[in-house]
Amino acid sequence: MNVTEFVIVAVLFTAVSIVGFLASRWRRASQDSLEEWALAGRGFRSWISWFVVGGDLYTAYTYVAVPALLFGSGAIGMYALPYVAIEYPLVFLIMIRFWSVSKTHGYVTAADFVRARFGSPTMALAVAVTGIVATMPYIALNLIGIQAVLITMGINGSWPLIIAFAVLAAFTFTSGVRAPALISFIKDVIVYVVIGVAIFYIPAKLGGWTHIFDAFNAHFKATPPGTAYLLTSSNQWLYITLAVGSAFAIFLYPHSITGVLTTRNRAVVKRTLAALPIYSFILGLIAMFGVMAIAGHITPLPGPNGKPDTNTVVPNLFQHMFPSGFTGLAFAMIVIGALVPAAFMSIASANLFTRNIYKEYLRPEASEREQARVSKIVSLLVKVGALLFILLINPQFSIDLQLLGGALILQTLPAVMLGLYTRWLHRGALIVGWAAGLIVSVWTYYVTPNVALKEAHWGGSGWSLSHLGLHTDVTLYIGFVGVVVNLVIAFAGTALLRALRIGEGTDQTAPADYFTDVADTKAAEPAVTAGT
Amino acid sequence: MTQVPRSQDPPSGALVHPPRSDHARWNWLLLLPIVLPLLTFIYNRETPKLLGFPFFFWFQLLFPLLAAAVTAVVFVRTRARNRT
């Protein structure tokens with residue numbers, strides 16, 4: 001075990017945890033309503049929300065998995081760049097509508113909106129369950145990020161992981177969304193220092209970028225099927241559909257929705273979305289560590305299951321390149337980077353349970369106070385579940401499940417995102433389309449063989465069109481295939497159900513609700529955030 | 001949290017035009033940072049290199065910067081209209 005690294009990580013983790021507990025005093029308010037505990041009174045202004053949403057979306061797993069994909073698969077791993085670049089212009093106009101209608105009616109989750117828009121608690125339940133199922137493995141993956149650091153430091157017990165998550169669970173319980181919000185400031189300062197140094201220091205040590213890319217190219221040209229650093233005719237469409245699918249999916253995830261709803265007004269939403277690509281640029285630089293790792297002859301360390309774990313590539317690269325003190329800081333970046341999204345994700349999925357399952361089906365008369373209490377408890381359970389997932393089940397299962405999770409959450413696109421623009425779609429058709437999209441996503445995932453592990457099924461996100469009997473080597477993202485089927489059924493089904501004049505439910509929203517800004521609701525708002 | 005009560009909506013089809021809208025010509029500019037990164041045939045090449053980076057890598061690293069620039073322009077240009 002490397003003592004210097006461990007001490008630095010432990011000290012920074014403790015500091016961040018104290019901040020997490022103290023966060024409940026920040027912009028002081030009672031934590032007895034979801035409005036405060038889960039959304040911080042919808043009061044975050046521009047600078048804060050940039051840190052908050054950025055801290056929320058860019059997870060520790062992203063930091064290790066994106067370079068790991070480049071390291072393991074070459075050019076296709078770069079799909080993360082178009083993905084994180086297009087997501088913000090893509091949702092720029094969509095999210096302000098979502099913010100407005102949620103502000104007007106006090107929605108806390110995307111499912112709240114779907115319920116009111118389409119008069120369908122069932123479709124809302126579908127959105128809620130999809131959100132929870134997609135988020136659980138995502139929380140687990142943040143633990144994998146921490147675990148990769150622990151393995152690299154030479155710590156093989158599970159006790160540090162349990163302690164880290166116990167502390168995280170405790171401050172999320174007491175401080176709600178304010179805790180990850182404050183911690184995200186510290187996280188980002190460390191990220192900027194570490195990446196700013198590493199992006200110049202490591203290439204200098206490795207002999208320059210030309211050498212690094214030559215080594216990368218040579219490595220993949222020698223590895224069958226010889227991808228090198230360009231896309232092939234077979235994975236080019238996979239690249240495009242992965243980028244588009246992931247870009248839509250990210251803003252359907254419950255934790256992104258929660259992040260957007262913590263903002264103060266429409267201008268803050270827009271300004272935040274305009275500034276978030278800065279994080280994407282940083283992620284692009286982080287992706288380059290996967291390229292550097294090949295030039296640096298880094299080998300993945302064995303993971304908990306004994307097989308080489310490519311997630312250890314980035315921590316291992318840092319450890320090989322930096323003196324212990326700086327490596328400790330870089331490791332702290334990954335560990336703290338895991339805490340912020342994990343807190344957001346557990347809060348967001350707890351809200352889905354409380355609002356769209358507990359209040360909807362179990363206790364419709366639940367008060368604000370009771371809802372907050374249920375969410376707090378569920379946020380604990382969700383984290384325990386994620387921890388058990390990692391400790392008891394093969395971590396590869398979480399990785400596979402998270403990959404599938406992106407495809408699953410994408411199936412809520414017609415109800416949530418198209419729903420913001422049109423009421424034409426029928427609730428019955430939306431439900432059938434959603435179910436079909438899920439089935440197609442799971443099926444396309446199932447029939448894809450895993451080349452690396454030499455297994456016949458659950459091979460990855462690229463589904464070959466040859467399954468349809470076409471003579472082509474083109475592959476597409478499973479979630480994309482699912483959502484196309486989903487949309488076709490939603491539209492055709494709506495036409496059919498409308499022709500049959502089947503009841504379409506009541507729309508509780510009015511057209512003007514989608515343009516509400518904070519000034520419009522001032523009068524209707526109780527005095528919330530007293531003090532700062 | 002208060003749920004602002006809304007009057008019952010008119011049946012769909014008879015909707016009145018909303019008093020405000022997000023429509024603006026500047027919004028079309030958003031298509032640029034969305035579409036360009038998806039045109040792999042433009043950047044799926046090795047040269048010209050920049051500072052040792054193959055084209056495929058350095059060109060894609062510009063996408064986030066383009067996204068930030070364009071969304072910022074659209075935000076500034078449409079801001080005045082929304083302050084009603």
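**Talking through a predicted two-chain model**

Colleague: What makes up the largest nonpolar core here, and which residues have the most contacts inside it?

Modeller: Bear in mind that this is a predicted model. The largest nonpolar core has 206 residues, and M95(A), V114(A), V127(A), L143(A), L252(A), M292(A) and V335(A) have the most contacts inside it. Helix α7 of chain A, residues 121-153, brings the largest share, 20 residues.

Colleague: Take L143(A): which residues does L143(A) touch, leaving out those up to four places away in sequence?

Modeller: L161(A), F165(A), A338(A), A386(A), L387(A) and I390(A). To count as touching, C-beta atoms have to lie within 7 Å.

Colleague: Why are α5(A) and α14(A) called roughly antiparallel?

Modeller: Look at the angle: the axes of α5 (residues 80-105) and α14 (residues 277-295) of chain A cross at roughly 175° and come within 9 Å. Angles over 145 degrees count as roughly antiparallel, so that's the label this pair gets.

Colleague: And which residues make that contact?

Modeller: From α5(A) there are A80(A), L81(A), V84(A), A85(A) and Y88(A), and from α14(A) P277(A), S280(A), L283(A), G284(A) and A287(A). By class, that's 8 nonpolar, 2 polar and no charged. Gly counts as polar, by the way.

Colleague: How many residues of chain B are in contact with chain A?

Modeller: 39 residues of chain B, and they meet 54 residues of chain A. On chain B's side, α1 (31-35), α3 (55-61) and α4 (63-82) each supply at least two residues, and α4(B) gives the most, with 11. That side of chain B has 23 nonpolar, 10 polar and 6 charged residues.

Key. Residues numbered from 1 in each chain as written. Chains lettered and ligands numbered in written order. Predicted model: local features only at pLDDT ≥ 70, side-chain atom pairs only at ≥ 80, totals over all residues. Contact = placed C-beta atoms within 7 Å. Helix = DSSP H or I, 4+ residues; strand = E, 2+ residues; numbered from the N terminus. Core = buried A, V, L, I, M, F, W, Y, C linked by C-beta atoms within 7 Å. Buried ≥ 20, exposed ≤ 12 C-beta atoms within 10 Å, placed from the backbone. Axes fitted to C-alpha atoms, helices over the stretch in contact; angles between N-to-C directions. Parallel < 35°, antiparallel > 145°, perpendicular 65-115°, else oblique.
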